[in-house]
Amino acid sequence: MGGNGNGGGTVYNVNVKKLWENVPTGVTTPAIEAQLYSDGKATNQIMTLNHDNNYSGTFKYLSEYDANNQPIKYTVAEVNVPTDYTGTTTPQPLNAKDNTATLVNRYSLPATTSIKVNKVWAAVPTGTTPPSITAVLYKNGQATQTTVTLSASNQYSAQFTDLPVTDSTGKPISYSVAEEKVPTGYKSTTVGPQPVNNGIVTLKNTYVPTIPVTPDTPITPNTPVTPDTPVTPITPNTPVTPSTPSTPATPGTPNKPVSPKKPKKPTMGHKRPNTKTTTTSQASLATKQPTPKASTDSETPAVSSSGKLPQTSDNKKQALVVSLVGMILLSFIGIAAVVSHKFKMN
């Protein structure tokens with residue numbers, strides 16, 4: 001190893017590491033600055049110790065001896081002790097085995113603490129004012145009744161104050177904060193209880209634009225079918241009232257036949273003819289005598305072919321037969337009319 005100019009001897013390195021003590025779960029340790037001292041005097045060499053370098057570093061290429069060839073005594077001090085921690089800004093000596101200076105900070109639990117809540121809005125259109133929201137304090141994972149309102153009037157920032165740091169047994173209390181309800185038109189990127197980092201909780205909501213819904217195209221209704229014109233029912237024919245059959249005429253009483261006149265006696269002044277001759281002549285006359293014609297008047301009755309005069313009982317029989325035949329014909333006519341009417345009705 002070679003020297004670096006200000007002094008002599010071999011190249012010399014000084015290591016620095018940071019130790020944190022009694023830090024509660026959920027508390028993030030801050031970055032600190034460490035300054036190199038040479039023979040009790042501060043140098044211009046300062047390094048930052050944080051999470052990225054695991055709170056350790058090295059001052060390199062230092063001279064082991066001064067200009068008088070005397071060993072240089074190096075020490076390291078913390079520039080500032082962070083809030084809520086105890087420590088010292090007095091330069092700390094190096095461990096002779098590995099040339100390492102150890103800086104120790106101890107978390108100091110205050111009697112009470114406060115938590116600041118900030119609300120961040122993203123993608124909100126110009127001219128749109130975000131709504132107010134309510135933040136709820138959680139204690140050891142359980143929601144409490146303690147809330148704060150974040151609105152435009154307080155620039156969406158508020159604090160929970162005078163919060164006990166430990167419970168009654170002296171155990172540290174773990175606090176977190178959650179948004180009570182995400183407002184309509186926004187979505188949250190910090191859903192649920194959020195941890196406290198260095199006394200601050202940040203809640204973030206992003207604006208979600210409303211996309212109008214295109215309505216469905218209405219369905220054209222089918223053209224209604226025109227109903228058929230109802231058929232007018234046929235009025236049935238008025239049934240024919242059968243005619244009342246005529247009462248058969250009562251046959252008249254035939255005229256009483258007129259008794260024929262007695263033939264005139266022959267004149268007695270003539271000579272009595274021969275009996276035989278007379279008998280023969282009478283027979284001839286009887287043969288030649290014309291058959292009397294039917295009388296057209298009431299004086300001479302007609303003689304039947306039997307040679308008898310018409311009798312009153314014969315006319316009564318004929319009238320009865322005619323009446324029966326008439327009644328039978330009328331009955332047939334009435335039955336035929338009823339059958340015809342029923343046929344038309346069907």
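Which residues does the UniProt annotation "transmembrane region" cover? In the unreviewed entry, that label is put on residues 319-339; UniProt positions follow the numbering used here, feature names are shortened, and annotations may be inferred rather than shown by experiment. In the model, this span is 100% helix and 0% strand, and its end C-alpha atoms lie 31 Å apart. Helices (H or I, at least four residues) and strands (E, at least two) are DSSP runs, numbered from the N terminus.

A quick word on the model: it is predicted, so local features need pLDDT of at least 70 and side-chain atom pairs count only at pLDDT 80 or more, while totals for chains, interfaces and linings use all residues. Residues are numbered from 1 along each chain as its sequence is written, and side-chain values use heavy atoms, with hydrogens and water left out.

Now for the strands. Four of them make an open sheet with mixed pairing, in the order β4-β1-β8-β6; two strands pair if DSSP finds at least two bridges between them. β6 runs antiparallel to β8 (residues 100-107), joined by two bridges, and Tyr85 stands opposite Tyr107 in β8.

Strand β13 (residues 175-179) is largely enclosed by the rest of the structure, because five of its five residues are buried (under 20% relative accessible area, with a 1.4 Å probe and protein chains only). Tyr175, Val177 and Glu179 cover one side, Ser176 and Ala178 the other. Five bridges link β13 to antiparallel β10 (residues 133-139), where Ala135 has Glu179 as its bridge partner.

Technical notes: Buried < 20%, exposed > 50% of the residue type's maximum accessible area, 1.4 Å probe, protein only.
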